[in-house]
Amino acid sequence: MARLLLGVSGGIAAYKSLEFARLATLAGHGVRVLMTENAGRFVGAASFEGIVGAPVLVSEFERDPLRGAFPGEVGEIGHDPIGHLELAANCDAFLVAPASANTIAKLAGGFADSMLTTSFLACTAPRLLAPAMNDRMYGDAATQANLAALHDRGVEVIEPDEGPLASRGERGRGRLPDPERLLAAVEAAASWEGARPWDGLSVLVTAGGTREPIDPVRFIGNRSSGRMGIALAGAAARRGASVTLLAANVALPAPAGVRRIDVETTADLQRAAAAEFPGSQILLMAAAPADFRPAAASAAKLTREGALDLHLTPTDDILAGLVAGRTPGQTIVGFAAEHGGDAVARARAKLARKGADLIVLNDVSDPRIGFESAENEVTLVAAEDEIEVPRADKDTVAEAILERVDRLRAASPTAK
Ligand code: CTP
């Protein structure tokens with residue numbers, strides 16, 4: 001765990017800092033948050049507190065109830081009776097994101113009029129700034145001079161992204177980068193060595209539901225949104241793996257740094273998987289491929305006239321084919337969507353039948369979880385045990401699945 005101090009100043013991009021705090025916490029880091037008063041006009045301290053599990057500080061006159069400790073640390077580690085510099089002294093890195101023009105000016109001038117600015121001045125750990133503002137404010141000579149001054153004093157400035165800005169219709173440089181990029185920069189600055197345990201591994205993830213054409217405008221499909229696969233791809237990328245996502249009709253964006261290949265049908269997915277799997281050490285088969293396809297898709301759009309009889313033929317079982325061609329050292333995770341009943345027994349039978357190393361079991365009869373929901377609750381069924389992962393957001397469930405994969409690979413004599 002790295003101890004990360006996150007300073008949030010006033011700007012619309014402050015909502016993205018919530019995502020950063022969540023990602024960093026998910027990655028196992030202890031995060032403490034310092035907000036300026038103006039940041040509180042954009043996001044609430046309670047949101048950060050809920051995410052990181054520790055109080056947010058705003059004023060330099062506030063007492064930190066945790067006395068400078070980070071989440072995950074036991075006991076008090078600071079001894080400063082004044083109590084306002086302990087977090088600055090204890091952190092491994094300090095990121096200000098978003099850094100507004102006003103806060104950048106204060107930091108460049110050495111002001112100490114809030115907990116954020118005071119801590120920044122007192123912090124000897126690596127300090128990073130992620131400016132986010134309107135592009136004209138960013139390009140102004142005053143902001144640029146302030147950033148240059150901070151850079152000269154060893155502060156790492158993470159350049160904003162270009163794209164649509166909050167002011168209606170405007171584009172330019174001023175957007176806060178993706179939280180994944182911010183986290184990578186902070187981890188590198190904090191010399192966090194444990195952050196990329198999957199460095200050098202290639203991970204293949206399938207996501208979404210395939211569609212089998214009936215005619216040029218109609219298809220047979222399913223309700224899979226691709227959320228679980230996307231969460232897995234993000235979690236694997238955060239561990240440093242090189243990740244390829246085979247996305248079957250997924251409307252959501254892929255996580256930053258993930259290579260995405262879009263596919264439509266089960267046959268497309270099968271071809272892409274066959275091409276990518278040999279170079280991968282881990283397969284996470286979260287997609288829901290259609291099990292049947294119309295035997296012959298009509299080349300022209302079908303009309304309403306007359307009855308329509310669809311003759312369906314089974315598609316190939318992609319997972320079974322990949323298992324049959326696997327090489328030693330490859331870890332294969334399948335998913336099972338079961339509808340009530342003795343789901344665990346059926347998942348166990350599927351584990352044996354498909355020859356996977358792990359089956360992630362979803363009970364799709366529960367409407368609170370699964371397909372289109374943001375949450376999931378699964379049972380991880382392996383040859384030697386069954387682990388229940390309680391209901392949580394899909395990112396948290398993804399972390400639990402990857403932890404299980406880590407243990408499977410640690411126990412495997414051939415995993416590399
Ligand atoms: N799967 C696959 N190819 C298919 C169908 C499913 O590779 N044509 C994969 C899924 O991606 C999943 C696993 O097999 O990882 C189990 O999917 P599921 O639909 O639960 O199993 P089926 O084999 O289709 O069995 P059934 O529908 O009879 O329960």
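## A walk through the strands, loops and ligand site

Four bridges hold strand E1 (residues 3-8) alongside strand E3 (residues 93-99), and the two run parallel. Helices here are DSSP runs of H or I with at least four residues, strands are runs of E with at least two, and both are numbered from the N terminus. Two strands count as paired if DSSP finds at least two bridges between them. Within this pairing, Leu5 sits opposite Phe94 of E3.

Before going further, a word on the model: it is predicted, local features need pLDDT of at least 70, side-chain atom pairs count only at pLDDT 80 or more, and totals for chains, interfaces and linings use all residues. Residues are numbered from 1 along each chain as its sequence is written, and side-chain values use heavy atoms, leaving out hydrogens and water.

Now back to the sheet. E1 and E3 belong to an open sheet of five strands, in the order E2-E1-E3-E4-E5, with parallel pairing. Its edge strands are E2 (30-35) and E5 (156-157), each of which pairs on one side only. Helix H2 (residues 45-52) packs on this sheet and touches E1 and E2, its direction making about 170 degrees with that of E2. Helix H4 (residues 101-109) also packs on the sheet, touching E3 and strand E4 (127-131), and its direction makes about 140 degrees with that of E3. Contact here means heavy atoms within 4.5 Å. The axes are lines fitted to C-alpha atoms, for helices over the stretch in contact, and the angles run from 0 to 180 degrees between N-to-C directions.

Some backbone details deserve a look. Most residues other than glycine have a negative phi, and most peptide bonds are trans. The peptide bond from Ala97 to Pro98, however, is cis, with omega near -5 degrees, and Pro98 is found in strand E3. Arg67, in the loop between H2 and helix H3 (86-90), has a positive phi near 50 degrees. Asn249 is not a glycine either, yet its phi is positive at about 55 degrees; Asn249 lies in the loop between strand E11 (242-248) and strand E12 (259-263).

Leu245 of E11 stands opposite Val205, while its bridge partner in E12 is Arg260.

Finally, the ligand. Of the 15 residues around the ligand, Ala287, Leu319, Phe335, Lys350 and Lys354 come nearest; a residue counts as near if one of its heavy atoms lies within 4 Å. The table lists polar contacts (pairs of N or O atoms within 3.5 Å).

| Residue | Polar atom | Distance to a ligand oxygen |
|---|---|---|
| Ala287 | backbone | 2.7 Å |
| Phe335 | backbone | 2.8 Å |
| Lys354 | side chain | 2.6 Å |

The protein covers 78% of the 570 Å² of accessible area that the ligand has on its own, with areas from the Shrake-Rupley method and a 1.4 Å probe.

Methods
A polar contact is a pair of N or O atoms within 3.5 Å; within protein, one must be able to donate a hydrogen and the other to accept it, and residues adjacent in sequence count only if both atoms are side-chain atoms.
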